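Please consult the sequence and the structure shown below while reading.

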Amino acid sequence: MTIDRTTTATQERVGASLSVRDLRIHYGNVEAVKGISFDILPGEFLTLLGPSGCGKSTTLRCIAGLEPASAGTITIDDTVVAGPGKHVQPEKRGINMVFQSYAVWPHMTVEKNVGYGLKGLQKDEIKTRVDEVLDLIGLGKFAKRYGTELSGGQQQRVALARAIVTRPKVLGARERLTVPGIATPVLAAETAANDVHESASAVFRAESLLAGSAAESAENVWPAKVERVSYLGRHLDVLYSVGDSKVRGELPSATPIVVGDTVTIGIRASDVHFVPHTEV
Ligand SMILES: Nc1ncnc2c1ncn2[C@@H]1O[C@H](COP(=O)(O)OP(=O)(O)OP(=O)(O)O)[C@@H](O)[C@H]1O
Ligand SMILES: [Mg+2]
């Protein structure tokens, strides 16, 4: 763990000083913090940097009084708040803390958290998929740990594993989609095709839709008919028909456009996303 320090101008130094001396924190057999020492003067900002699981949050929790120190001392101004035989309650320390949270179920182990979305599959299949994903995110040896026994970054990885273990179609999806009534496939910047037979919708933001000459440089360019024009103050909300599909776009309010016009519209591949039609 490294410590990055920023000091404000001397005249602005307000607040308390903090001194951490050879702090050690154990969770059973796990030594989460291995003897860290640092001082913060009033007005200083201090950043703890280090790899996931190296003990940053545990150090902060201990300073806040949410974990007892196994060894070492913590002093705020001149008061020892944690040390041998001493543990000042959190509400008496005058400290606040913002927590990392990834909605990992605390009463379930890592493997149960990750496998939860696979209910209904054969037990063997669930185990294979969970093991595969835990290996992928580097948490294989944490399978039996509970959600409460993980660092923030480890919880973040469990949340990620939970999202990918079900092999969702929306994640890293295919790059072209055939749309009824449109001659050329719709292109998106997303790559790595998975299930190309799945039906899907191509979606994009109305404000990303281009019209007229601006549309011509986009990867997706279509002739469109103006079906509706609504004046919304700063912009026009325009409904176009393209093949058998309806598309909404926005144009500057002063654009001379009326219902029945035929215009060229376009959308950049990087603005297009494919959302598969699957039951959730
Ligand atoms: N309740 C617990 N029981 C057992 N081990 C724990 C418990 N809480 C945390 N740990 C372990 O202690 C170590 C330090 O965790 P900590 O939350 O302080 O890490 P961190 O440096 O904040 O990491 P991150 O950057 O991922 O948030 C980790 O290896 C973690 O698995
Ligand atoms: Mg943390």
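## Helix α1 and its surroundings

Gly65 follows α1 and has a positive phi, near 95°. Helices (H or I, at least four residues) and strands (E, at least two) are DSSP runs, numbered from the N terminus. The model is predicted: local features need pLDDT of at least 70, side-chain atom pairs count only at pLDDT 80 or more, and totals for chains, interfaces and linings use all residues. Residues are numbered from 1 along each chain as its sequence is written, while chains are lettered from A and ligands numbered from 1 in the order in which they are written.

Within α1, the buried residues are Lys56, Ser57, Thr58, Thr59, Cys62 and Ile63. A residue is buried if 20 or more other C-beta atoms lie within 10 Å of its own, exposed if 12 or fewer, and partly exposed in between, with C-beta atoms placed from the backbone. The cover over these buried residues of α1 includes β2, β3, β4 (44-49), β5, β6 and α4.

## The ligand shell

Ligand 1 is surrounded by 19 residues, of which Ser57, Thr58, Ser151, Gly152 and Gly153 are the closest. A residue is near a molecule or strand if its C-beta atom, placed from the backbone, lies within 6 Å of it. At least two residues of the shell come from each of β3 (30-40), α1 (56-64) and α4 (152-164).

The shell around ligand 1 comprises five nonpolar, 12 polar and two charged residues. Here Ala, Val, Leu, Ile, Met, Phe, Trp, Tyr, Cys and Pro count as nonpolar, Asp, Glu, Lys and Arg as charged, and the others, Gly among them, as polar. Ligand 1 lies between domain 1 (2-92) and domain 2 (110-164), because both give residues to its shell. The domain bounds come from an automatic or database domain assignment.

Strand β2 (residues 18-27) runs antiparallel to strand β5 (residues 71-76), to which five bridges join it. Two strands pair if DSSP finds at least two bridges between them. Val20 has Ile74 in β5 as its bridge partner.

β5 also pairs with strand β6 (residues 79-83), in the antiparallel sense and over three bridges. In this pairing, Thr75 is opposite Val80 in β6. Two residues separate β5 and β6 in their hairpin, and Asp77 in the turn has a positive phi of about 50°.

Strand β12 (residues 220-231) is joined by six bridges to strand β15 (residues 262-267), antiparallel to it, and Trp222 stands opposite Ile265 in β15. Six bridges likewise link β12 to the antiparallel strand β13 (residues 235-242), where Lys225 is opposite Ser241. The hairpin of β12 and β13 has three residues between the strands, and Gly233 takes a positive phi near 85°. Ser241 in turn stands opposite Lys246 in β14; β13 and strand β14 (residues 245-252) are antiparallel and joined by eight bridges. Their hairpin has two residues between the strands, with Gly243 in the turn at a positive phi of about 55°.

## The largest nonpolar core

A nonpolar core is a set of buried Ala, Val, Leu, Ile, Met, Phe, Trp, Tyr and Cys residues joined through C-beta atoms within 7 Å. The largest has 19 residues, and Leu209, Leu210, Tyr240, Ile265, Ile267 and Val272 touch the most other members. At least two residues of this core come from each of β10 (200-203), β12, β13 and β15; β12 gives the most, with three residues.

Beyond four places in sequence, Tyr240 touches Ala224, Lys225, Val226, Glu227, Val247, Gly249 and Ile265. Two residues are in contact if their C-beta atoms, placed from the backbone, lie within 7 Å.

## Leu187 and the chain overall

Leu187 lies in strand β9 (residues 186-187) and counts as partly exposed because it has 18 C-beta neighbours inside 10 Å. Beyond four places in sequence, Leu187 touches Glu175, Arg176, Glu219, Asn220, Ala269 and Val272.

The chain has four helices and 16 strands. Of its 280 residues, 22% count as buried.
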